[in-house]
Amino acid sequence: MDPITVGIVGTLLLLAVIFVLRIPVGFAMAIIGFGGFAYVLNWNAATGMLGTELWNVFSKYGLTVIPLFILMGQICFYSGVNERLYKSAYAWMGEIRGGIAMTTILACAGFAAICGSNSATAATMSTVALPEMKKFKYNPILSTGSVAAGATLGVIIPPSVVLIIIGLQTSQSIAQLFIGGMVPGVLLTALFLGTVWYLCKKNPDWGPAGPKTTFKEKCASLPGSIEMIILFILVMGGLFLGFFTPTEAGAAGAALALLISVISGQMSLKKFWMAVNDSLKISCMIMVIILGAVIFGRFLAITRLPFEAAGFVAGLPIPPLVIIMVICLIYVIGGMVMDALALLLVTIPIFFPVVTAMGYDPLWFGVLITVVTTLGAITPPVGVNTFIVASMAKDVPMTDVFKGVTYFMVAYCLCVALMLAFPGIVTFIPHLMQ
C-alpha cells in the first residue's frame, strides 16, 4: 500500500480498536501509531521514534500546566466551593420561574471557571442541584437537562484543560486561547439561561418559582462566591496583564485555592490527600492520551495524509466556509461516539493544516472546535455528561435526560453559528492585547 492509504487504514483501524476492543484511547493511539510507523519505515526507526517522543513529551515544561489546574479544581471541589457558590446564586435567582435551573447553570459556569472539566462539573453540580430541583417539583426533563448542559461549560470557560492541550498541540499561546474562550463561554451561558426562560414560559409547571429572599439575604449570600471570583481574577487577570505564564497561573491558583480552603477551615488533611490523589490519576490519564496522540501524529505525518488532505480540501471549488461547516459536522458526529479530548487529539493533525491553508485564524479555529466538540458530551450515544447526571438521578429515565439536553443543543448551534458569522467574538480581545 502507498503511504496515504496506510494512513487512512490506520485511522480506521484506530477507531475500530477503540470501539470494538475497548482499549483506552491513549494506548490505542500509541499502538496503532507505532505499528503504522514501523510498517511504513522499519522497526528500528519506530523504536527510535518511540524513545525520542517519550522524552520530548514528558520533558516539556509546558505540560506542567495541566496537573496544576487540575489540582486547583480538585482542591475547590473537596473544600465545598461548589456548594457555597450554588447557595449564593440561588439566593439571587431562585425566586423567579425556572430560577433554580438558571441558578444551576450560573453555578456550573462559576465552578467551570476554576475546574476546567465538564465531567467533574457534572458530578459536582448533580449532587447539589438535583435534590433542590426535586424538592421544588421541577420537571425532571428540565432539571437533568440544565445540569448536564450547564456542566459542559467546564470545557469552554477558561481555564480549560482542552484549550491547554490544543495550545500545546498546535503551538499556540495558551493564554491567548484562554482569553479567546471567555466571550464564547459567556455567550453560551446566556443562551442556556434563555433556553430555561423559554421552556418555563412555554411550560410554567416545569420550573415553579422558589421562595423569595430579601435583599439583605441576597447580600449575605455573596461571600459564598468570593472564593471563585478571587481565583478567577487571579488566574485570568494575571494572564491578561502578563504577570503569569499559564504554568505560573496554575501554580498560583492551586496555592491560593489551598490557602483559602485552609483559612476557611474546609480543608482537612484527608480531603487534601484525596484532592492530590484524584489530580494525579486525572493528570496521568491525560498524559498517556497526549503521548498516544503524538505517536499517532508522527505516523500520520510520515504517511503525508494530513498534508495531502489539506492540499486537496484547499483546492476544492467550494467556499471555505462550507468546508469549515463540514469539519464542524464531523466534530459533532465524532463527539457523539468518542471522548472530546481524544477526538481533538486524533483529528487536529488532519484538520488544522487544512484550516490554516485556507487562511483562517488558528486561535478562532481552536476555540470553535472546542465548543463544537463539547456538544458531544451531551449527545447520544456516548454523551458522558448525560450518563453522569442519569447515574445521580436514579429515578429519572435516561430518555428524559437526553430529552432535556436536546433543548440546550439549540443554544449550542446558535453559539456556533454566531462564531462562524462573527469570528471577532473569539479573536477581538486576544488581538487587541497583542
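Helix α19 is mostly covered, with 12 of its 13 residues buried, where buried means under 20% relative accessible area, exposed over 50% and partly exposed in between (1.4 Å probe, protein chains only). This is a predicted model, in which local features need pLDDT of at least 70, side-chain atom pairs count only at pLDDT 80 or more, and totals for chains, interfaces and linings use all residues. Residues are numbered from 1 along each chain as its sequence is written, and side-chain values use heavy atoms, with hydrogens and water left out.

**Helix α19**
- The buried residues of α19 include W364, F365, L368 and I369; helices (H or I, at least four residues) are DSSP runs, numbered from the N terminus.
- The end C-alpha atoms of α19 (residues 362-374) are 18 Å apart, in agreement with the 18 Å that its 13 residues should span at 1.5 Å a residue, because the expected span is 1.5 Å times one less than the number of residues.
- D361 caps the N-terminal end of α19 through a side-chain oxygen 2.8 Å from the backbone nitrogen of L363.

**Surface patch**
- A nonpolar surface patch is formed by I318, V322, V326 and I330, which together have about 290 Å² of accessible area, computed by the Shrake-Rupley method with a 1.4 Å probe.
- Within this topic, V326 belongs to helix α17 (residues 320-337) and counts as partly exposed because its relative accessibility is 43%.

**Cysteines**
- Zero disulfides are found in a search of the whole structure, a disulfide being a pair of cysteine sulfur atoms within 2.5 Å.
- C219 is partly exposed at 33% relative accessibility, and C284 is partly exposed with a relative accessible area of 41%.

Definitions and conventions
Patch = residues over 30% accessible without salt bridge, like charges linked within 9 Å, V, L, I, M, F, W, Y side chains within 5 Å. Salt bridge = Lys/Arg side-chain N within 4 Å of Asp/Glu carboxyl O. Helix = DSSP H or I, 4+ residues; strand = E, 2+ residues; numbered from the N terminus. Polar contact = N/O pair within 3.5 Å; in protein donor to acceptor, adjacent residues only side chain to side chain.
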